[in-house]
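Hello,

Here is the structure I promised to pass on. Please open it first, then read my notes next to it.

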Amino acid sequence: MHHHLAVDAGDRLLDVACGSGLAVELAGLRGARCAGIDASPRLIAIARDRSPGADLRVGDMCALPWDDGAFDVVTSFRGIWATTPDAVAEAYRVLAPGGRVGLTVWGHIKASPGAWALAPFALATAPKVENQAAMVALGRPGAGEAFLQEAGFTDVGRLDIPFVFEFADPEAYSRAVASTGPAYEAIQAVGEAAFAQAAVELAREKVREGLPLRAPIAVVGYHARKPAGGPGRGDR
């Protein structure tokens, strides 16, 4: 995504829902002046350790604490979803005219060979599972394009991004998947022990002698631009 957005030295870049800061670190290596925001203080602490010179804040992606036009590039890697239109509106606001946005979302999960890795999330209550399905709707053909265009972006492009989960063993898989947001919803429903047991048992079915657990999952990327002049939705 950084390549498609032509992230380079001098770019002011914001990563939304930056988590532990890998994307911020990689953008910094390309010379960008980086900022990031996430709701988790623990993840922001890791991100600050990785990129001590970046402007990394705990906060709400639907109410960004930066001025209008503060950035040349805004990215979000599976952090902005179909259920968070306010976040993409905020991304539009903080971009300078002509600025670039890049998002990645889950693609066609059910058709992915690694769909099994996300199966424990279905242990959540039915309304939570329904919301999870609504979140990933941007991966459908035309959905992400319309989402960004409605927010005022132009020149929207779509690309498929190679993505693979890899885990040393079932126990490592269980611990990793338990750290995610959808897993938290499942743990609320069935408890931590039951979730861990279900995850380990599922992963044991995927063990291959002498090889790691591997779960390829479709990821879709979108890149677009804020118009250089004239009103967009964020200017109205």
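The side chain of Lys-226 reaches the backbone oxygen of Tyr-92, at 2.9 Å. Keep in mind that this is a predicted model. A polar atom of the Lys-226 side chain also lies 2.9 Å from the backbone oxygen of Leu-95. Where is Lys-226 found? Look in the segment after β9, the strand that covers 219-225. Is Lys-226 buried or exposed? Its relative accessible area is 6%, so Lys-226 is buried, since the cut-off for buried is under 20%.

**Around helix α3**

Tyr-92 belongs to helix α3, which runs over residues 85-94. Which residues of α3 are buried? They are Ala-87, Val-88, Glu-90, Ala-91, Tyr-92 and Val-94. What covers them? The cover includes three strands: β1 (12-16), β4 (71-77) and β5 (95-106). Helix α5 (143-150) is also part of the cover.

**A glutamate in α5**

Stay with helix α5 and find Glu-145 there. Its relative accessible area is 19%, so Glu-145 counts as buried under the 20% cut-off. Which residues does Glu-145 touch, once neighbours within four places in sequence are left aside? The contacts are Val-156, Arg-158 and Tyr-222. Now try a distance. Glu-145 and Leu-118 are 27 residues apart along the chain, and their C-alpha atoms are separated by 25 Å.

**A pair across the sequence**

Next, go to helix α7, residues 181-190, and pick out Gln-188. Gln-188 counts as exposed, because its relative accessibility is 51% and the cut-off is over 50%. How many residues lie between the positions of Gln-188 and Ala-124, counted as separation along the chain? They are 64 residues apart along the chain. Their C-alpha atoms are separated by 7.3 Å.

**Two positive phi angles**

Ala-6 is not a glycine, yet it has a positive phi of about 55°. Ala-6 lies in the segment before β1. With a relative accessible area of 47%, Ala-6 is partly exposed. Arg-78 has a positive phi of about 55° too, and it is not a glycine either. Look for Arg-78 in the loop between β4 and α3. Arg-78 is partly exposed, with a relative accessible area of 28%.

**The whole chain**

Now zoom out. The secondary structure comes to eight helices and nine strands. The radius of gyration is 18 Å, close to the 18 Å that the globule rule gives for 236 residues, so the chain is as compact as a globular protein of that length. Along the principal axes, the C-alpha atoms fill a box of roughly 55 × 35 × 30 Å.

How much of the chain is buried? Of its 236 residues, 44% count as buried. Then take the contacts in the chain with a separation of 6 or more: residues 24 or more positions apart account for 73% of them. The chain exposes about 11,700 Å², and carbon and sulfur atoms supply 54% of that area.

Last, the charges. The chain has 23 positive and 27 negative charges.

Best wishes

Key
Residues numbered from 1 in each chain as written. Predicted model: local features only at pLDDT ≥ 70, side-chain atom pairs only at ≥ 80, totals over all residues. Heavy atoms only, no water. Helix = DSSP H or I, 4+ residues; strand = E, 2+ residues; numbered from the N terminus. Buried < 20%, exposed > 50% of the residue type's maximum accessible area, 1.4 Å probe, protein only. Polar contact = N/O pair within 3.5 Å; in protein donor to acceptor, adjacent residues only side chain to side chain. Rg over C-alpha atoms; globule rule 2.2 N^0.38 Å. Contact = heavy atoms within 4.5 Å. Areas by Shrake-Rupley, 256 points an atom, 1.4 Å probe, with all protein chains shown as cover. Lys, Arg positive; Asp, Glu negative; His and termini not counted. Charge placed at Lys NZ, Arg CZ, Asp CG, Glu CD.
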